[in-house]
Amino acid sequence: MKQAHRKDCEVHRGIKGFVWSSSGNPIKNAVVEVDGILKSVKTYKDGDFWRLLPPGKYVISAYAEGYDRQTVNVDLTHQQDGPMQNAYWVNFTLQRDGLKSWSIENDFSQKDSVEQLHQYLNDDQIAEILKSLDAASPSIVRYYEKYGYHYLAISHEVSLGIEHKFHILVIGGLYGSEPSGRELVLRLSRHLSAGHHLRDPNIRTLLQRSVVTLLPVVDTYIEAPCQVTDVRNNPLALEIINNGNTIGKRFEQFLHEQHFDLIVSVPTSCCNYVEPNKIPRMWRHFLRPLMEVISSSVQGIRLTVLNSVHTPLRMAVVSVNGTTYSVSPNQAIAKIMLPPGSYVAKISCKYHEPQLLPVSIEEGQLLDMKVILRETTIGASLAHAGNGIAGYVVDFNHHPVDNAIILVEGTNISQKVNDQGAFWVPLQEGDFVMVATAKGYAPSTKLVKVVHMEPTQVLFTIMKDQDVIGLPRMGFIFLISLAIMLVLGGGLLGCMLCCNDNKSTKGFALLREKSSFFSYSKGNHMQLPVQEDGLKTTAYYDESDIDEESSLSDEEVIDVHKLQKQAAILQQ
């Protein structure tokens, strides 16, 4: 009976698993065979199979039409006794047996990526291909020529706001002697663009959550295969080591201004030169692990930090597992890449109460959350008893002024506020004049009454006293006001003087223009007044301004007609 039971256990030992294609689809009728055993098994419609095997070591292979064979080693000697559910799991992932077939299944039929390459593309040729990708898909691809580089930014609706997205940089290589890395980045650009156009769910999720920047190469100085390993012969290495201001500084500026959350470098080496005709096979080998690294980085949490009136708190920070992350400068968004697991995030901001937020991340999940931080209240810092004055010093934005000093006039008492702007000054009963001062602020004065055994609370709101052209603001305002008054006073005085000059000629008019009132000729010092064109010339005066008291007497009036008659008699 014991022998029969042992044989029954051995019969129920074996293997089970699935056969998939490299794109994750099940392969029906794939063959699973064991070396040394003639009979093989085939997979069902879901790609699953099972096979009874006694304990031992086996070499097991799986293959299908149009796919390459895959072989694994399996050790069943340490498998525990038990029924079929404890069978050893063996899963197979088969690759297409031809590059073009592989491209159809894994690379969205990008034939240019698997065509035979006879020589590497130079920098200008790669720039033209990148420009063509921008022209073909302007909604997701944007071409840049900045910092001396040619590069692409690929994202869903790339022209819209990208502050809420992760920023990922993929570098083909640091040196021009790594042409294989440039070619792989070029093929990755095609892959992402085509996948988004064909609505591949994984790529659309990636590009909705992130902006993928693809930089083919940093330094294009060396185009030939690397011949030496001495770092002193590489221009980029020398620039970085010597803190130069060209290649190394340019790359440093690029990284600093872009604020990347993740940088991925294609694993190539200038001294591991790959022949151009091997690039299609190399791309087939690198595509899947490269996409797994990039896609796994866009999971974690994305927090928007707001205050009680839903205004972004741009000075907030988020701490997770001892690492501190700053929020974005406009919308106050913190993007944190996290692997699956449970975490506690601490969100804090000056003048606000911190908050602890437990989160749980699953595979491929990105949690979008809004966190509201409450402003620090005055009462939280004013728990005092007995006679005295408790208070708070804030600015006009209701932010605590943590460098303020409270003075009590008529005494030697002064008190510095704490980091929340709160203070407590113990005093006897009575009326006191309190002054709140702080560097850079105008002082504020209040009259406060202290009652028996009851703390008096007071709030000081002080205004910033900024200098203007080296003068205190109040002094500058005084000088400007004085200058304006002087200008207005001078203008008023000038107007008064002009009015007095006009009054001195009031009531007078000019005579008709003549060379003289009387006509003069030789031998005669005076003749009759000129009379021309029937115009009789007589004396002119204006009576408009002459009143009765100041009018001329009869003796002072000259009779012109009488003078004419006397002149006529003298001529006779």
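What share of the contacts in the protein chain with a separation of 6 or more comes from residues 24 or more positions apart? The share is 61%, where a contact means heavy atoms within 4.5 Å.

This is a predicted model, in which local features need pLDDT of at least 70, side-chain atom pairs count only at pLDDT 80 or more, and totals for chains, interfaces and linings use all residues. Residues are numbered from 1 along each chain as its sequence is written, and side-chain values use heavy atoms, with hydrogens and water left out.

**Whole chain.** Start with a cartoon view: the protein chain has 11 helices and 27 strands. Helices (H or I, at least four residues) and strands (E, at least two) are DSSP runs, numbered from the N terminus. Of the 572 residues, 37% are buried. Buried means under 20% relative accessible area, exposed over 50%, and partly exposed in between (1.4 Å probe, protein chains only).

**The cores.** Select Val170, Leu188, Leu192 and Leu214, the residues with the most contacts inside the largest nonpolar core, which has 41 residues. Such a core is a set of buried Ala, Val, Leu, Ile, Met, Phe, Trp, Tyr and Cys residues joined through side-chain atoms within 4.5 Å. A second, separate core has 22 residues, including Val305, Ala334, Ala345 and Val371. Return to Val170: leaving aside neighbours within four places in sequence, its contacts include Val185, Leu188, Leu214, Val264 and Ile294.

**Ser113.** Next, select Ser113 in helix 3 (residues 111-114). Ser113 counts as buried because its relative accessibility is 0%. Not counting residues up to four places away in sequence, Ser113 touches Asp107, Arg187, Arg190, Pro280 and Trp283.

Ser342 has Ser360 in strand 19 as its bridge partner. The two strands form a hairpin with 6 residues between them, and Tyr351 in the turn has a positive phi of about 70 degrees.

**Cysteines.** Finally, select Cys349, which is buried at 11% relative accessible area, and Cys495, which is partly exposed at 48%. The structure holds 0 disulfides, a disulfide being a pair of cysteine sulfur atoms within 2.5 Å.

Note on methods. Pairing = 2+ DSSP bridges.
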